[in-house]
Amino acid sequence: MSTQAPPAPTCEVHNPTEQWLRMDRIPHIWCPGCGIGSSVNCFTDALEKSKIPRDNVSIVSGIGCTGRTAGYLKLDSFHTTHGRPIAFATGLKLANPKLKVVVYSGDGDLFAIGGNHFIHAARRNMDMTVICVNNMTYGMTGGQVTPTTPLTAKATTSPYGNFEEPFNLPYLAESCGAVYVARWTSFHVRQLSKSIREALLKPGFTFIEVVAPCPTLYARRNRLGAGIDAMKYYREQSEIKNGAPTRDVALGFQSKIICGKFVDTSRPTWLEAQVQQHRAVLGDKFTLAENWEGVGEPRED
Amino acid sequence: MKADPKGVLTGSHFIDGDHACAEGALAAGCRFAAGYPITPSTEVVERLASRFPTVGGIFIQMEDELASSIAILGAVWGGAKAATVTSGPGFSLMMEHIGLAVMTETPCVIVNVQRGGPSTGLPTLPGQADMMQARWGSHGDYEIIALSPDSPQECFDLTISAFNLSERFRVPVFVMMDECVGHMIERVVIPDPDEIEIVPRRLTDVPRGGEYLPYRLDGDLIPPMTHAGMGHYPHITGLTHDERGYPAMNAETQDTLVRRLCDKILKNADDIIEIREDGVDGADIVVVSYGITSRVCLPAIREARAKGLKVGWLRLVTVWPFPDRLIRELAGRVKALVVPELNLGQVYYEVERCAQGQATTHLVPHAGGAVHDPEDILRVIEEAAR
């Protein structure tokens with residue numbers, strides 16, 4: 001009987017996400033139990049399944065923990081200033097409408113300092129997908145209160161509990177004109193991936209909120225346990241209600257989390273409206289911008 | 001490369017500086033502009049909003065100047081030549097993105113039609129008090145280029161120069177107009193497109209999917225660019241970065257990067273700097289001025305010369321980078337340097353610094369809201385002569 005050990009397997013095993021990552025920048029900076037990485041896995045899975053060519057996808061982030069996402073993805077990736085990724089993405093998209101432009105940032109970046117750009121890009125139906133990882137705190141600067149911190153939750157700058165009414169992000173997005181609005185938690189990986197894929201393939205301003213834990217700051221300060229406890233909370237307290245009226249999906253402190261696809265509608269994007277208006281008024285004098293072939297033609301969706 | 005005829009309104013026009021600036025942008029190949037209304041600059045974007053749809057350009061009125069100043073950076077990485085236009089308060093809001101443009105080496109043009117400040121100040125009246133803000137307004141060490149037109153014709157010409165310089169050096173370039181020049185109506189001659197020299201963007205020749213490092217130098221201090229969609233997957237960040245574009249937050253990388261960002265301008269300063277002069281050789285006193293003030297000082301110089309004084313006229317077409325060597329050498333040859341400007345001393349202190357005590361230096365301050373009375377400039381020239 002041979003005492004030799006069986007030969008070691010020769011095939012290398014790769015995580016399917018690796019091909020979308022700048023592996024020379026791994027390990028990343030995110031803490032154990034953080035939800036941003038799970039959301040990135042869902043994003044790359046959605047990207048893969050969307051069949052959109054890699055060369056046509058640009059990712060734009062602001063500043064903060066989620067703002068580091070652009071730097072880890074092997075795409076044309078832009079790490080901009082605090083709060084302004086949507087405004088940068090607007091210029092990028094208009095200069096080359098063939099690009100699928102994704103804004104990936106956090107709740108503080110997109111809704112405090114960047115709130116103005118969010119509401120106007122949604123109003124314009126600017127063609128982009130905005131993914132907000134909502135961990136209800138400023139992680140990078142050490143756990144301050146944000147516009148989505150639930151009432152009574154503690155943060156370093158609301159040490160006695162938050163008393164400011166937070167934004168209900170899906171309601172805000174819908175009110176401002178987003179054509180696609182969904183919310184999932186970092187526990188709902190399959191649903192989140194599917195939603196991101198739908199949003200990527202849909203023209204116009206599409207928005208996805210990803211409720212995700214910050215075990216290091218938000219959870220610890222509020223004595224909510226580790227990352228695993230957040231997963232248990234998401235599993236037990238989430239309720240999927242596709243099509244729920246967004247006014248009814250506000251989040252409270254450790255409250256029930258209504259998830260689902262809330263809005264999926266259609267109206268002309270900024271690019272289409274611009275071409276249609278100018279063509280109608282200027283007639284033959286109108287000159288379509290370079291790269292804009294096909295913009296403003298009728299579409300089916 | 002010559003200008004695209006589509007954007008060039010060849011002919012003789014009677015237009016103001018704001019409109020001439022817009023035509024300069026069109027002639028330079030600018031096909032994206034983002035702006036927010038602000039007096040006295042708005043006419044520039046109004047003209048672009050009207051003209052762009054006929055030449056394949058895109059104008060978008062953004063929600064504020066923060067948005068405008070970064071939307072143009074996005075457009076540049078998308079492949080466009082892009083500009084934004086503003087005045088004092090809007091300029092203040094743009095400062096963070098000037099830093100981002102410097103750090104990411106994004107070529108772009110920012111026009112500031114200066115008005116009286118601080119704060120809301122004098123929205124409809126002239127000033128030249130943003131000159132130091134253009135130089136130092138964003139945080140950190142950096143170098144930029146700023147041009148100062150003194151007529152509608154130069155608003156056209158220098159806007160083209162601004163685009164060309166921004167592409168050559170991958171740096172934001174400022175066209176520092178003022179309310180007078182912006183609203184002054186004069187003859188503006190727009191040449192044939194084949195007489196307008198255009199600097200195209202210097203793109204990498206690395207093929208799609210090849211190994212492209214966004215900040216690897218190739219022969220000079222200015223790395224070749226790429227655009228989104230070219231298959232190079234660059235990472236572009238405002239963080240201190242290495243030649244891969246990856247964040248590298250340490251003193252060594254910072255030193256290498258920040259010094260190069262400064263050196264690419266400073267080491268080419270002689271090539272960048274443009275001045276105009278009259279009667280400087282053999283002068284005892286030279287009036288150093290820029291923008292509208294370089295025209296306002298002319299009657300004072302004429303009067304002083306009529307009184308027998310040897311007075312020269314030196315106009316800074318390029319204010320930043322500052323012509324250090326030129327002023328230093330000049331100060332060694334003359335008795336006095338007189339600096340009138342529509343502020344309480346900005347470029348004056350640069351002149352004083354470069355003069356190194358070789359000549360006396362004399363500020364003719366004005367808080368803005370009007371131009372100088374030439375009599376006030378004459379008085380200082382005469383004082384300097386004593």
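Two strands count as paired if DSSP finds at least two bridges between them, and strands (E, at least two residues) and helices (H or I, at least four) are DSSP runs numbered from the N terminus. This is a predicted model, where local features need pLDDT of at least 70, side-chain atom pairs count only at pLDDT 80 or more, and totals for chains, interfaces and linings use all residues. Residues are numbered from 1 along each chain as its sequence is written, while chains are lettered from A and ligands numbered from 1 in the order in which they are written.

View 1. Look for A:Phe78: it stands opposite B:Ile236 in β10(B).

**View 2. Where chain B touches chain A.** The contact (C-beta atoms, placed from the backbone, within 7 Å) takes 36 residues from chain A and 41 from chain B. On chain B's side, α3(B) gives the largest share, 9 residues. Elements supplying at least two residues each include α2 (42-55), α3 (65-77) and β10 (235-237) of chain B. That side divides into 25 nonpolar, 12 polar and 4 charged residues. (Nonpolar means Ala, Val, Leu, Ile, Met, Phe, Trp, Tyr, Cys and Pro; charged means Asp, Glu, Lys and Arg; the others, Gly among them, are polar.)

**View 3. The two domains of chain A.** Domain 1 covers 25-267 and domain 2 covers 268-301, with bounds from an automatic or database domain assignment. Their C-alpha centres lie 31 Å apart. Still, 12 residues of domain 1 are in contact with 9 of domain 2.

Technical notes:
Two residues are in contact if their C-beta atoms, placed from the backbone, lie within 7 Å.
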